[in-house]
Amino acid sequence: MAFRAVIIAAAIAMWAAPAHAMVCFDPIDGRANFYAQYGETEVGGGDLGNDKQNEMLLLANPKTRTWTIMIVRKVDGFLCPMASGENFKLKLPKVKGQKI
């Protein structure tokens, strides 16, 4: 739940910032660039909030364990990096029958 709150807060902060403060990438070139530069591919994502106008995209490289969280603007498909880091670990639900 805390992770979701962080993502939503990041999305709100992104839209509150002046347009010139955001760095966003073309949807095709952006994905290709992150794969070419970091070897990161899509490992997860989902809609943000109730309006479903934006989507969170999680990219990761299982070998180097780098990761990037991007916001996808559904209106134009542009990718806006929000956070990145190292030591990515995929954790599965601990409760039997719990769905992600």
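Colleague: Which residue places its backbone nitrogen 3.2 Å from a polar atom of the side chain of E40?

Modeller: That residue is W67, and the distance of 3.2 Å runs from its backbone nitrogen to the E40 side chain. Bear in mind that this is a predicted model. The side chain of E40 also has a polar contact of 2.7 Å with the side chain of T68.

Colleague: Where in the chain does E40 lie?

Modeller: E40 is in the loop between α2, residues 27-38, and β1. Beyond its neighbours within four places in sequence, E40 is in contact with F34, Y35, L59, A60, N61, T66, W67 and T68.

Colleague: Which residue is the nearest side chain of opposite charge to E40?

Modeller: That is R65, at 11 Å. E40 is buried and has no salt bridge. R65 itself sits in the loop between β2 and β3 and is partly exposed, at 32% relative accessibility.

Colleague: Which residues form the salt bridges, starting with D47?

Modeller: The side chain of D47 meets that of K74 in a salt bridge, at 2.6 Å from N to O. These two are 27 residues apart and link distant parts of the chain: D47 is in strand β1 (41-47), while K74 is in the loop between β3 (67-73) and β4 (79-85). D47 is partly exposed at 38% relative accessibility, and K74 is partly exposed with a relative accessible area of 38%. There is also a salt bridge between R73 and D76, whose closest N and O atoms are 2.6 Å apart.

Colleague: Is R73 buried or exposed?

Modeller: R73 counts as buried, because its relative accessibility is 16% and the cut-off for buried is under 20%.

Colleague: How should I look for a nonpolar core, and which residues make up the largest one?

Modeller: Look for buried nonpolar residues joined through side-chain atoms. The largest core here has 7 residues: L48, M56, L58, A60, I69, I71 and F88. Both β2 (54-60) and β3 supply at least two of its residues, and the largest share, 3 residues, comes from β2. Another core, of 6 residues, lies apart from it and includes L57, M70, V72 and L79.

Colleague: Which residues have a positive phi without being glycine?

Modeller: R65 is one of them, with phi near 65 degrees. N87 is another, with phi near 60 degrees; N87 is found in the segment after β4.

How values were computed:
Residues numbered from 1 in each chain as written. Predicted model: local features only at pLDDT ≥ 70, side-chain atom pairs only at ≥ 80, totals over all residues. Heavy atoms only, no water. Salt bridge = Lys/Arg side-chain N within 4 Å of Asp/Glu carboxyl O. Helix = DSSP H or I, 4+ residues; strand = E, 2+ residues; numbered from the N terminus. Buried < 20%, exposed > 50% of the residue type's maximum accessible area, 1.4 Å probe, protein only. Core = buried A, V, L, I, M, F, W, Y, C linked by side-chain atoms within 4.5 Å. Lys, Arg positive; Asp, Glu negative; His and termini not counted. Polar contact = N/O pair within 3.5 Å; in protein donor to acceptor, adjacent residues only side chain to side chain. Contact = heavy atoms within 4.5 Å.
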